[in-house]
Amino acid sequence: MREVVRKKKRYKRSFLLRISVVCLGVYILAALIDQQMQISQKREQLAQLQQEIQIQEIRNDEISSTQSSSGGMSDEYAEKIARQELGMADENERVFIIVTGE
């Protein structure tokens, strides 16, 4: 009789141990997959930021070459920046704003 009780206890213990090991394995696998996804997202973000850095370096080179050639900011460059970035216009210019339903 005692042997049957001992076998049941052993079976319960080994079953619980197996369940806990499987759960631990699933948790580790899920954590690894999540980490890989985060790494790939961060790599994409890094590539995008590096591209933005290259674009900004090109702009900086353009600005520095313009400044060095004329000893400061040229009138054409200042006008270009005022039009493109600040939305300004010349004194005698007419500005038309097209409003569409799109």
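These questions and answers concern a predicted model of one chain.

Q: What makes Lys80 and Glu62 a salt bridge?
A: The closest N and O atoms of Lys80 and Glu62 are 3.2 Å apart. The rule asks for a Lys or Arg side-chain nitrogen within 4 Å of an Asp or Glu carboxyl oxygen. The pair therefore qualifies under that rule. By this rule the count comes to one salt bridge.

Q: Which parts does the pair of Lys80 and Glu62 tie together?
A: Lys80 lies in helix H2, residues 75–84, and Glu62 lies in helix H1. The pair therefore ties together parts that are 18 residues apart in sequence.

Q: Why is Lys80 called partly exposed?
A: Its relative accessible area is 34%. Partly exposed lies between the buried cut-off, under 20%, and the exposed cut-off, over 50%. So Lys80 is partly exposed. Glu62 also has a value of 34%, so the label is partly exposed there too.

Q: Why is Leu32 called exposed?
A: Leu32 has a relative accessible area of 52%. Leu32 lies in helix H1, which spans residues 2–70.

Q: What makes the nonpolar surface patch?
A: Leu24, Tyr27, Ile28 and Leu32 make the patch, at about 450 Å². Patch residues need over 30% relative accessible area.

Q: How do you know that the side chain of Ser40 makes a polar contact with Met37?
A: The side chain of Ser40 reaches the backbone oxygen of Met37 at 2.8 Å. The limit for a polar contact is 3.5 Å, so the distance is within it. Ser40 is in helix H1. Its relative accessible area is 35%, so Ser40 is partly exposed.

Q: How many residues are in the chain, and what percentage of them is buried?
A: The chain has 102 residues, and buried ones make up 4%. Buried means under 20% relative accessible area. The chain exposes about 10,300 Å², with carbon and sulfur atoms supplying 56% of it. There are two helices and zero strands.

Technical notes. Residues are numbered from 1 along each chain as its sequence is written. This is a predicted model: local features need pLDDT of at least 70, side-chain atom pairs count only at pLDDT 80 or more; totals for chains, interfaces and linings use all residues. Side-chain values use heavy atoms; hydrogens and water are left out. Patches are made of residues with over 30% relative accessible area and no salt bridge: like charges are joined within 9 Å, nonpolar side chains (Val, Leu, Ile, Met, Phe, Trp, Tyr) within 5 Å. Accessible areas come from the Shrake-Rupley method with a 1.4 Å probe; for residues, only the protein chains shown count as cover. Helices (H or I, at least four residues) and strands (E, at least two) are DSSP runs, numbered from the N terminus. Buried means under 20% relative accessible area, exposed over 50%, partly exposed in between (1.4 Å probe, protein chains only). A polar contact is a pair of N or O atoms within 3.5 Å; within protein, one must be able to donate a hydrogen and the other to accept it, and residues adjacent in sequence count only if both atoms are side-chain atoms.
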